[in-house]
Amino acid sequence: MKKIITYLILSLFFFSAYSQTTTTGQKLSLDKGWRFHLGDIPFPIVKGHGFSYGTSKAGAATGAAAVTYDDQSWRKLNLPHDWAVEMPFDSTENISQGYRKRGYGWYRRSFQLTEADKGKNIELQFDGIATNATIWVNGTIVHHNFCGYTSSYIDITTLAKYDGEPNIISIKVDAVTHEGWWYEGAGIYRHTWLVKRDALHIITDGVYANPVKKDQKWTIPAEVIVANSGVKIENASVEVKVVDQTDKVLAISSANVTVPVFGQAIAKVNLTVDNPTLWSLENPKLYKIVSSVKRNETTTDRVITKAGFRTIEFTADKGFFLNGKNIKLKGTCNHQDHAGVGNAVPDALWEFRIRKLKEMGSNAYRCSHNPPSVEFLDACDSLGMLVMDENRNFNTGDEYIRQLQWLIRRDRNRPSVFIWSVFNEEPFQGDSRGYEMVRLMSAKVKELDLTRPVTAAQSGGQLSELNVSHAADVVGFNYQKDNYDEYHQKYPNKPMFSSEDVSAVMTRGVYAADKKRGYIPSYDENFQPWGSTNRVEWKMVDQRPYLAGCFVWTGFDYRGEPQPNEWPSTGSSFGIMDLCGFPKTAFWIHQAQWRNDIPVLQLVPHWNWPTDSIGKNIRVMAMSNADSIALFLNGKLIGGQKVDHYEMNFFKIPYQPGKLTAVGYNKDKKAVSKFVVETAGQPNQLQLIPDRKTLKNDGWDAMPITVQVLDKKGVPVPTANNHITFEISDGAAIIGTGNGDPTNHVSEKTNQRSLFNGLAQLIIQSKEGATGTITITAKADGIKLGSATIALVNSAVPAFVPEFSTVINLNWIMSPFTNEKQDPIRSIGETDMNTWAAVKAGSLQNFATGNFTVFRSTFIPFKKQQLRGATIKIKKLKGKAEIWLDGKLAKTKTTVTEEDVEIALPPKEGERILNIMVEGSKGTSAGLGGAVTVE
């Protein structure tokens with residue numbers, strides 16, 4: 001009997017963006033209101049004992065990481081943000097990164113927490129920063145990020161400031177470091193969050209289910225990880241229930257756990273669900289799972305997630321099965337950048353890209369070569385697209401095992417994810433080192449998830465004595481079509497699939513080679529030496545039942561790797577679609593091969609040729625899933641052929657302007673499909689085609705708009721390359737443009753773009769709270785303008801952390817108490833680190849040993865404050881006081897009661913010194929009862 005690997009799974013995924021909810025906690029977007037500086041800011045050189053001592057302490061970061069750093073001149077922006085896509089093309093930069101300069105950048109943001117937040121667990125979340133990053137909170141380093149594709153979850157509970165004091169996040173991004181040989185972008189290019197939860201809470205990515213199907217029932221041994229950041233041991237109850245779309249409870253179970261202080265506990269419960277509707281490619285049915293934590297019957301945390309029931313199975317002789325149905329994997333490999341926006345892809349564009357792939361007939365997506373965004377996985381779960389989830393770094397060091405474990409914990413409950421990939425094309429893949437590494441990594445995966453197989457995208461070495469394939473559950477073959485049969489004969493019990501193939505190249509709308517511009521004809525005949533055509537590769541896979549399927553390189557073009565070209569080409573030509581998602585010839589080839597649910601018929605090339613082409617043969621390629629096809633030119637039969645469903649069909653047709661019509665017939669000679677390509681006249685009018693009719697007014701929703709030119713009869717002009725200027729009304733903004741031309745060096749962040757072979761793309765994003773409609777207008781010289789109107793629909797605005805105007809919040813030291821009045825401006829020796837004590841404004845001091853003390857703060861005002869002056873605001877100053885600024889008495893307070901005091905800060909460059917001598921009575925409290933700020 002052939003070996004069978006079966007994985008039975010109910011998959012869960014956390015709501016993202018708008019939809020993750022808790023009853024007592026909050027997940028708030030941090031995307032708004034960041035300050036950004038392009039380039040590095042060197043830290044000051046540390047010299048002298050005082051500076052060395054002071055900067056070695058918690059909260060004492062210097063330079064742009066300092067709490068009091070002046071970032072007011074920095075650019076203000078919202079996230080996600082990819083600064084590389086904003087940079088000009090530069091022929092001296094890295095070809096693999098798309099000839100875009102990356103470098104360094106800094107981000108800063110401030111936010112406030114209230115008295116009500118004290119005692120809660122406070123966590124920062126960064127979904128993706130390219131590439132490495134160092135993160136400070138309130139002047140203390142809290143995290144180093146060593147991968148541009150992994151999330152960072154940072155518990156800042158102990159470092160947070162409350163009562164309205166500003167909390168300062170500073171991030172240095174290193175995008176000089178690279179992890180890939182493709183465009184990786186630069187900056188905080190995924191979403192950011194501030195999560196507030198009860199001290200007794202479910203940790204991030206803390207829900208897991210490992211179901212087993214018995215008969216017609218699913219038994220789900222769910223696990224919920226509960227943490228306690230409080231001050232005492234907690235005895236908690238954890239409840240998990242499965243809920244359908246009508247909120248009917250299908251199953252419920254609970255367990256008790258004891259959670260130590262600063263510890264965790266795992267609650268394990270069992271649920272049984274009878275005959276759920278299965279998640280499938282055609283009907284991706286999702287349920288809800290509600291996980292709750294209770295303290296004395298009071299819910300402290302509740303996470304609502306979605307769930308999809310399905311089974312997956314790999315066999316060595318018949319390939320892949322979903323819910324017991326044998327399915328050939330019709331996959332594509334893809335990077336994550338899109339025209340106009342780089343890697344800072346709006347959530348709605350993921351849905352657009354998945355829809356385009358499904359329209360072609362694709363059912364699987366390989367995340368090449370890194371963990372994807374949460375929003376991408378949401379789209380795959382809801383639309384029905386299988387996902388090969390891939391680890392970025394092939395490394396068994398502690399940090400890199402942690403990255404792998406993070407990936408599994410985050411994604412192990414998703415119905416779309418059906419296989420884990422631990423690497424892509426590594427030098428050790430054919431020897432014992434690679435075997436041992438994959439053996440370890442596979443074991444680490446299985447510690448966290450037994451419901452999916454482990455694979456590796458192996459580009460060689462499968463036939464060596466000991467190699468990676470021997471440690472993988474399913475063997476991945478990259479460009480190894482000549483070894484399929486031999487490996488299967490040698491290892492007949494090993495499931496296998498093509499993890500990457502084709503590497504064909506073509507330029508959309510081009511049908512004759514242009515070596516000067518690097519344009520490649522779109523007849524599916526050009527490919528890299530290691531690959532083959534789309535047609536040949538699919539035939540190899542489709543005719544071998546034991547192969548589970550394939551993943552074509554690639555579904556979409558991407559920046560970087562302009563093979564076989566170099567400058568001026570800046571992006572790849574591997575895509576089945578271009579960078580905008582406009583189909584190339586390969587799209588129609590695969591649609592004809594992969595879809596049998598709709599009639600498919602398409603012709604290339606266009607039918608707009610110069611007058612000197614009249615009478616000359618034009619090579620025409622027909623792609624169809626019919627049984628036979630016939631071509632007619634201006635109503636006259638040219639010829640017919642039986643459809644070759646692998647190689648497609650070719651005709652040589654003497655060119656005459658007019659209409660070239662193809663008709664597809666079934667085996668009974670009945671017409672089942674028709675396609676017409678028509679000679680277009682001169683450009684007459686622009687046309688804008690929005691992807692959708694409406695746009696949510698939440699400030700997040702975005703959509704692509706197709707731009708083309710029509711002739712007087714309304715026929716699209718496929719050769720048009722008009723230069724277009726766009727205008728947009730209030731309610732939305734233009735966030736990017738593109739046209740799929742890999743040699744176009746125009747900025748993607750302007751309101752102008754030329755058509756490329758008849759097409760361009762405009763990407764817009766709504767403005768928060770806008771109402772009414774949006775009007776987009778396109779103008780070009782010599783032709784009529786085009787316009788489109790899109791209705792704005794009301795939508796819940798994501799809960800955001802309010803933007804906070806940065807002020808200087810002063811830090812203080814306090815002199816020893818004395819019975820006699822002190823000299824408030826006396827100097828302190830550089831090596832004296834112990835006489836004066838660090839104190840916090842907002843806490844009154846107990847005058848137990850004397851009547852006088854001096855509070856001192858040394859600070860540098862912001863540049864604008866140095867030029868224009870400012871106000872020093874002293875909140876809740878208690879006791880009689882003398883306020884000295886820069887060695888001069890600025891104000892005297894003669895009352896002992898608690899009062900707010902303000903003094904003027906005159907314009908002046910450089911460092912300022914504020915001394916406040918407070919007089920109090922022994923046994924009473926006095927001093928700085930509130931924050932002291934410079935505004």
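The buried residues of α8 pack against β24 (329–334), α2 (347–360), α7 (534–542), β31 (547–553), β32 (601–604) and β33 (617–624). Elements here are DSSP runs numbered from the N terminus, with helices being H or I of at least four residues and strands E of at least two. This is a predicted model, where local features need pLDDT of at least 70, side-chain atom pairs count only at pLDDT 80 or more, and totals for chains, interfaces and linings use all residues. Residues are numbered from 1 along each chain as its sequence is written, and side-chain values use heavy atoms, leaving out hydrogens and water.

Back to α8 (residues 585–594): ten of its ten residues are buried, among them F587, W588 and W594. Buried means under 20% relative accessible area, exposed over 50%, and partly exposed in between (1.4 Å probe, protein chains only).

Leaving aside neighbours within four places in sequence, G731 is in contact (heavy atoms within 4.5 Å) with S766, K767, A770, I774 and L792. The C-alpha atoms of G731 and E768 are separated by 7.9 Å, though the two residues sit 37 residues apart along the chain.
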